[in-house]
Amino acid sequence: MKQAGFPFGMLLLILVAYVTDYSIILLIKGGNLSGTSTYQSLVNKAFGLTGYAILSFLQFLYPFIAMVSYNIISGDVFSKVLQRIPGVGPENILAERHFVILIVTLVLTLPLSMHRNIANLGKVSLSSLLLTFAILIMVIVKAATLGQNIPATEGAWDFIKPNALQAMGVMVFAFVFHHNSFLIYGSLEEPTIHNWSCVSHVSVFLALIINMVFAASGYGTFTGYTQGDLFENYCKDDNWATTGRCLFGLTVILTYPIECFVTREVIGNLFFAGTLSTVCHVVVTISIVAAVMAISLFVDCLGIVLELNGVLGATPLVFIIPTACYLKLSEEPWNNWNKLQSWLILIIGVLVMMAGFVMCVIYPQPCSHGKEMFYCLPSNSSVYNVTVNETINQFPLFKTTIS
């Protein structure tokens with residue numbers, strides 16, 4: 001919402017949700033048309049080894065970067081949560097994000113990622129969804145209680161802003177599940193197009209509502225001060241925010257193994273003929289998790305990670321590949337509505353991917369990782385003035401509000 005402008009951002013959310021729902025069903029239809037049961041085999045059928053290689057790279061890239069973002073979130077939220085323990089200050093090792101990421105990886109995400117069957121993660125996914133609703137309630141409550149104390153930035157409610165394409169990349173990142181669609185389709189008790197359509201409609205609609213409420217509550221509270229990780233906006237000593245951070249951290253930890261499952265499957269299909277022995281399963285899983293952890297220890301700004309993964313990884317998986325496969329395999333006439341719609345989505349996807357990447361490089365999202373926001377600090381003049389100066393440097397829009 002900060003990048004796109006709130007009204008236009010809401011419209012973009014609806015557009016991305018529609019394209020997600022349409023393309024995820026189109027993907028399974030393409031599988032039925034080609035007699036294939038995996039994303040890789042579908043693209044191989046449509047575009048040969050070149051298409052297969054490109055898809056394999058994207059299917060690995062998107063969940064891999066997603067896991068990096070989950071580690072960044074874990075480091076952000078739990079380092080603040082642990083500071084609420086008496087005797088644990090900012091200099092304590094428990095408040096060090098690198099240490100937190102290391103412990104979370106070894107104790108939680110690595111053991112969960114060792115599961116071989118994605119169906120075993122069903123209860124984990126349900127738990128993650130329930131936690132999401134709890135976090136949503138917290139964000140709504142804080143919007144009502146905290147938002148009135150934070151001045152809105154200039155142009156906070158403009159219809160559209162210049163960085164809308166970057167915002168679209170983040171939105172696509174939030175909705176995409178195409179990379180594991182065939183895995184989920186195969187886990188249904190009755191895998192039919194009708195049942196899959198029902199699953200897709202309900203899931204995407206629910207995700208849309210959750211995202212719109214999060215967007216309205218979060219952006220409505222902080223407007224131009226909104227960070228890539230929303231919980232970076234809340235004060236460290238806020239009890240509600242501490243609870244929300246804890247739940248948010250648990251949510252991403254429970255989502256992490258599903259993404260790891262996909263990356264491991266891609267490696268298995270490429271190098272092990274689709275089957276991993278027990279030893280290979282353990283070695284590949286540890287290698288993936290270790291690589292993700294190593295990167296996340298050196299990257300601490302969530303916004304740029306989400307934007308780049310959205311335009312480079314998620315956009316091709318949502319907009320480009322499903323429609324391209326359908327157009328290649330379908331024998332319907334060129335003026336059929338499904339084909340015309342697929343062409344339109346394909347063209348939009350290519351434009352968003354190219355222009356979005358350029359925008360991410362030229363206009364990277366500002367990040368104030370680990371810093372208390374100005375409204376969290378004591379109101380004595382010396383501290384406040386220093387904080388205002390820092391805030392002005394990070395958020396030029398704040399100048400007008402102060403003056």
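**Surface, loops and a buried helix face**

Reply: L106 has a relative accessibility of 48%, so it counts as partly exposed. The model is a predicted one.

Me: In which helix does L106 lie, and which residues form a nonpolar patch on the surface with L106?
Reply: L106 belongs to helix 3, which covers residues 97-113. The surface patch is nonpolar and has about 390 Å² of accessible area together; its members besides L106 are L102, I103, V107 and L108.

Me: Does G35 count as buried or exposed, and where does G35 lie?
Reply: G35 is in the loop between helix 1 (6-34) and helix 2. Exposed residues are those over 50% relative accessible area. G35 has 69% relative accessibility, and therefore counts as exposed.

Me: What separates the C-alpha atoms of G35 and L94?
Reply: Along the chain, G35 and L94 are 59 residues apart.

Me: Does T223 count as buried or exposed?
Reply: T223 lies in the loop between helix 7 (193-222) and helix 8. Its phi is near 40 degrees, a positive value in a residue other than glycine. The cut-off for buried is under 20% relative accessible area. T223 has 2% relative accessibility, so it counts as buried.

Me: What should the 19 residues of helix 9 span, and how far apart are its end C-alpha atoms?
Reply: Helix 9 runs over residues 278-296, and at 1.5 Å a residue its 19 residues should span 27 Å.

Me: Where around the axis of helix 9 are the buried residues?
Reply: The buried residues of helix 9 are H281, V284, T285, I288, V289, V292, M293 and S296. They cover an arc of only 165 degrees around the axis, so they are on the same side of helix 9.

Me: Which helices do the buried residues of helix 9 pack against?
Reply: V289, a residue of helix 9, is buried because its relative accessible area is 2%, under the 20% cut-off. For the buried residues of helix 9 as a group, the packing partners are helix 2 (39-81), helix 3 and helix 8 (239-271).

Me: Which residues is V289 in contact with, leaving aside its neighbours within four places in sequence?
Reply: The C-alpha atoms of V289 and F64 are separated by 9.1 Å, although these residues are 225 residues apart along the chain. With neighbours within four places in sequence left aside, the contacts of V289 are T105, L110, S113, Y256 and C260.

Definitions and conventions. Residues numbered from 1 in each chain as written. Predicted model: local features only at pLDDT ≥ 70, side-chain atom pairs only at ≥ 80, totals over all residues. Heavy atoms only, no water. Patch = residues over 30% accessible without salt bridge, like charges linked within 9 Å, V, L, I, M, F, W, Y side chains within 5 Å. Areas by Shrake-Rupley, 256 points an atom, 1.4 Å probe, with all protein chains shown as cover. Salt bridge = Lys/Arg side-chain N within 4 Å of Asp/Glu carboxyl O. Helix = DSSP H or I, 4+ residues; strand = E, 2+ residues; numbered from the N terminus. Buried < 20%, exposed > 50% of the residue type's maximum accessible area, 1.4 Å probe, protein only. Expected span 1.5 Å × (residues − 1). Arc of directions from axis to C-beta. Contact = heavy atoms within 4.5 Å.
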